[in-house]
Amino acid sequence: MPRRFGPYGGAYVPETLVPALEELDRAWRSARRDPEFRGELGRLQRTLGGRPTPLYFAKRLTRRGRGAEIWLKREDLLHGGAHKFNNALGQGLLAVRMGKPRLIAETGAGQHGVATAMIGAALGLETEVYMGTVDMARQRPNVERMRLLGARVIPVREGSRTLKDAINAALRDWITNVRTTHYLLGSAVGPHPFPTLVAELQSVIGREIRRQSRRAFGRLPDVVVACVGGGSNAIGTFHPLRSTSVEFLGVEAGGPKGHRVGAASLERGLPGVLHGSYSYVLQDRNGQVAATESISAGLDYPGVGPEHAYLKDTGRARYVAVHDEEALAAFHWLAEDEGILPALEPAHAIFAAVREARRRPAKERIVVTLSGRGDKDLEVVIRAAR
Amino acid sequence: MRLDDALRDARAAHRPSLVLYLLVDRARRARVSGIARAARDGGAAAIELGFPFSEPIADGPELAAAHARSLAHGTGWPDLLDTLRVVSRILPTAVMTYANPLVRRGLDRAIDEISGAGATGLIVPDLSLEESPPYRAAARAHAVCLVLLAAPGISTERLSRIARASRGFLYLVGHYGTTGGAARGATVDLRPSVAEAHAAAPQLPVLIGFGVRDAISARRTLATGADGVVVGSAFERCINRTATTSSVARFVRSIAAARAST
């Protein structure tokens, strides 16, 4: 597995974590070749998760775009309501394989926390989830879901009290309890091997898109679109298509109109080291990490996975930022045009996809990864509408 | 005096070294020289000046809060250089900073600047051995010792590689956890690690930090065969509690006087 993507990636961590990262790297190398492990992973993806998720032609949304066809990869229909299940299941099975009885996780929107809590319950592992108090307030339904699933939610009151601070707290826990605990990191960020491990576990999205689009319209899509916070659903969409000519469009959170940086690390950040890897980071001139802002807790993060940094620099992928107001508009479009309530994270991708569709001829096909459903966001959306 | 010389001489004289960690804070500017003098008079061998970072993942609650306070006071890179110029005249100094402030400033430029301000050591708590080569090269070019950290649980082979690559001293993390950490100093048996490090790099002093807080924990820690201890969180607590340099000196003296318990 690659340790670096061009100059990006690596493992900038206290030495205490190195043995655990090496153990994880070894465990994944052997598990991914082990037919028994792969069989178990595939079986649970189908029978517990509900894979494969459908590829849906969004006819009325396409009409709104008046251009290329828009298709949705329905990860919102996956168990738990988001793509996070793919990664949580794979890493949960790895934790069992490594003999670690305890899982910890960070969560922003709560989707990864819910996925980890589900997997912890299904595999009989003790589960604790770190969550910033700002996020706990704005994603309350998910806090309740985690608790009902038997996980302990640990409030994080430091820093900006959002996703980045939850990761800090989880890393500190891991440094302390590394012998008995697996840190089930939820995005394609962090030290090696996490970015690669998460990308490979999420690649089931892109593999299914490849197969399903051939079946649905006889060829690969012209462009795939996905939202990018840390970037796990996007890398899962892009990764299996990287040696094809399919265009990649990543959509970051631009925050409220007028905010200086929003949470658009690739667009407005500079290379730096955050949470164990070298990638684009929103930061000031002293290298202090900047305060981000986004209506979607899941994208509200000042860093981004190192593979995205590389895809950006090489020009293989394009990244754009979409504002809060635009994401909210797209939420309503999808609700009214298709009867689907998207999470606010992929609502950013929907907005960019419709804009992209306008610029492209009707014969082209766009596939958007609809990474999660919107139940958790109803309160935020209703408040914004007032 | 240089950090490496001071610690090597102390090791040769079988005198345990006490290194203190002091976080740079703009609000503390007026006190720094008094604190450094009290540290010297109390018997400290060197001072690590910490540069605050917004995401201090290796730090426990005490120092994490100190990082946040320092940033709220507006501490920036020039404050680090100013503090270095003052403290380096009193005791040998090392800079302790997370990787990103160095990366942002440019590795070579940052190390050139701290060297110019008097630092002879550099410690980066989130730098693993694998990522260290460019840092080692830049430090070498500016006559700064890049001090590497080793941790409990790593293999003998890895510990030896780290000890051979480290300069100034080897910073051995005393327990599984963040700074401050475990209630009573070292909770893992560090004797084998100290012996392995000495075997791999016979000239290199081995200092243990993270969780050393008083004379008792210092004595227990020195009983591992280590050449000294690093005290951070407890020193931070002491500085925040007291305004007088005499009580800082008293705190330092109480730990510096510790000899290995047998």
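Contact here means that heavy atoms lie within 4.5 Å, and the legends below describe close-up views of a predicted model.

View 1. Arg207(A) sits in helix H10, which covers residues 204-217 of chain A. Once neighbours within four places in sequence are left aside, the residues in contact with Arg207(A) are Glu200(A) and Pro240(A). With a relative accessible area of 38%, Arg207(A) is partly exposed. Arg207(A) and Gly236(A) are 29 residues apart in sequence, while their C-alpha atoms are 8.6 Å apart in space.

View 2. Gln202(A) belongs to helix H9 of chain A, and its relative accessibility of 0% is why Gln202(A) counts as buried. Not counting residues up to four places away in sequence, Gln202(A) touches His83(A), Lys84(A), Asn86(A), Asn87(A), Ser232(A) and Gly236(A).

**View 3. Packing of helices H1 and H9 of chain A.** Helix H1 (residues 18-31) and helix H9 (residues 194-202) of chain A pack at an angle of about 30°, and their axes are 10 Å apart. H1(A) and H9(A) are therefore roughly parallel to each other, and H1(A) passes H9(A) in a left-handed crossing. On the H1(A) side the residues that meet the partner helix are Leu21(A), Leu24(A) and Trp28(A), and on the H9(A) side they are Phe194(A), Leu197(A), Glu200(A) and Leu201(A).

**View 4. The open sheet of chain A with strands E3, E4, E14, E9, E10 and E13.** In chain A, 6 strands form an open sheet in the order E3-E4-E14-E9-E10-E13, and the pairing is mixed. Strand E3 (55-57) and strand E13 (317-323) of chain A are the edge strands, each of which pairs on one side only. From one strand to the next, the twist averages 25°. Strands E10(A) and E13(A) run parallel and are joined by 7 bridges, with Ala317(A) in E13(A) as the bridge partner of Phe248(A). Helix H14 (residues 324-338) of chain A packs on the sheet, where it touches E3, strand E4 (69-74), E10, E13 and E14 of chain A, and the direction of H14 makes about 90° with that of E13(A).

**View 5. Strand E9 of chain A and its two partner strands.** Strand E9 (residues 223-227) of chain A is mostly covered, with 5 of its 5 residues buried. Val223(A), Val225(A) and Cys227(A) point one way from E9(A), whereas Val224(A) and Ala226(A) point the other way, and all are buried. On the E10 side, E9(A) pairs in the parallel sense with strand E10 (residues 247-255) of chain A over 5 bridges, and Val225(A) stands opposite Leu249(A) in E10(A). On the E14 side, E9(A) runs parallel to strand E14 (residues 365-370) of chain A and is joined to E14 by 3 bridges, and here Val368(A) is the bridge partner of Val225(A). Together with helix H11 (residues 232-238) of chain A, E9(A) and E10(A) make a right-handed β-α-β unit.

View 6. Glu252(A) lies in strand E10 of chain A and is buried, with a relative accessible area of 0%. Leaving aside neighbours within four places in sequence, Glu252(A) is in contact with Val228(A), Ala263(A), Ala264(A), Ser265(A), Leu266(A), Glu267(A), Val320(A), Ala321(A), Val322(A) and His348(A). The C-alpha atoms of Glu252(A) and Tyr319(A) are separated by 7.0 Å, although these residues are 67 apart along the chain.

View 7. In chain B, 9 strands form an open sheet in the order E5-E4-E3-E2-E1-E9-E8-E7-E6, and the pairing is parallel. Strand E5 (145-147) and strand E6 (149-150) of chain B stand at the edges with a single partner strand each, so one side of each is left without a neighbour in the sheet. Strand E7 (residues 170-173) and strand E8 (residues 206-209) of chain B pair in the parallel sense over 4 bridges, and Leu172(B) stands opposite Ile208(B) in E8(B). Helix H9 (residues 191-200) of chain B packs on the sheet, touching E7 and E8 of chain B, and its direction makes about 150° with that of E8(B). Helix H4 (residues 77-87) of chain B lies across strand E2 (46-50) and strand E3 (93-96) of chain B, and runs at about 170° to E2(B).

Key:
Residues numbered from 1 in each chain as written. Chains lettered and ligands numbered in written order. Predicted model: local features only at pLDDT ≥ 70, side-chain atom pairs only at ≥ 80, totals over all residues. Heavy atoms only, no water. Pairing = 2+ DSSP bridges. Axes fitted to C-alpha atoms, helices over the stretch in contact; angles between N-to-C directions. Buried < 20%, exposed > 50% of the residue type's maximum accessible area, 1.4 Å probe, protein only. Right-handed = clockwise from strand over helix to strand, strands pointing away. Parallel < 35°, antiparallel > 145°, perpendicular 65-115°, else oblique. Left-handed = near helix turned anticlockwise from the far one by under 90°.
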